[in-house]
Amino acid sequence: QVQLVESGGGLVQAGASLRLSCAASGRAFSSYPVGWFRQAPGKEREFVTTISWNSGNTYYADSVKGRFTISRDNAKNTVYLQMNSLKPEDTAVYYCAAARRPFVDLIATMWEDYDYWGQGTQVTVSS
């Protein structure tokens, strides 16, 4: 079983940066692809980015490409989301998720692909 806990959210002004962390329990986490999703009020959960188990592959939504960077430290069982040049439209609850597909070089962009979810962390960007 894998449990995920996000942290690092907050209230920032447009143009600022934040780094979100997703800390996991369970040794298997380091072998799973991990994604970040976000959900704004009144909107559906949307894909942000994903990273393969060995960091060999990453993929970004067009809306964040060039501004956000996903990375992971498997020794620490943690995945990070560095968010730069934040915009008001980035305001949302951000969730990390892991797919129970060990050692698969998977790029998963659908929330249905993921099996474990954190509770989310709020990011608010003011204009």
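This is a predicted model: local features need pLDDT of at least 70, side-chain atom pairs count only at pLDDT 80 or more; totals for chains, interfaces and linings use all residues.
**The open sheet**

Start by selecting β1, β3, β8 and β7. These four strands form an open sheet in the order β1-β3-β8-β7, with antiparallel pairing. At the edges are β1, residues 3-7, and β7, residues 68-73, each of which pairs on one side only. From one strand to the next, the twist averages 15°.

To see one of the pairs, pick I70: the bridge partner of I70 in β8 is L81.

**N77**

Next, select N77, which sits in the loop between β7 and β8. Is N77 buried or exposed? Its relative accessibility is 14%, and because buried means under 20%, N77 counts as buried. Now display what surrounds this residue. Leaving out residues up to four places away in sequence, N77 touches C22, A23, A24, S25, G26, F29 and S30. Zoom in on G26: the backbone oxygen of G26 lies 3.0 Å from a polar atom of the N77 side chain.

Move to residues 121-126, strand β11. T121, V123 and V125 make up the covered face of β11, while Q122, T124 and S126 make up the uncovered one.

Three bridges join β9 to β11, and the two run antiparallel. Select Y94 to find one of the pairs: its bridge partner in β11 is T121.

**The disulfide**

Finish with the cysteines. How many disulfides does a search of the whole structure find? The search finds one. The link is between C22 and C96, with their sulfur atoms 2.0 Å apart. The angle about the S-S bond is 65°, and the link is right-handed. C22 lies in strand β3, residues 18-25, and C96 lies in β9, so the pair ties together parts that are 74 residues apart in sequence. C22 is buried, with a relative accessible area of 0%, and C96 is also buried, with a value of 0%. With C22 still selected, look back to N77, which has C22 among the residues it touches.

Definitions and conventions
Residues are numbered from 1 along each chain as its sequence is written. Side-chain values use heavy atoms; hydrogens and water are left out. Two strands pair if DSSP finds at least two bridges between them. Axes are lines fitted to C-alpha atoms, for helices over the stretch in contact, and angles run from 0 to 180 degrees between N-to-C directions. Buried means under 20% relative accessible area, exposed over 50%, partly exposed in between (1.4 Å probe, protein chains only). A polar contact is a pair of N or O atoms within 3.5 Å; within protein, one must be able to donate a hydrogen and the other to accept it, and residues adjacent in sequence count only if both atoms are side-chain atoms. Contact means heavy atoms within 4.5 Å. A disulfide is a pair of cysteine sulfur atoms within 2.5 Å.
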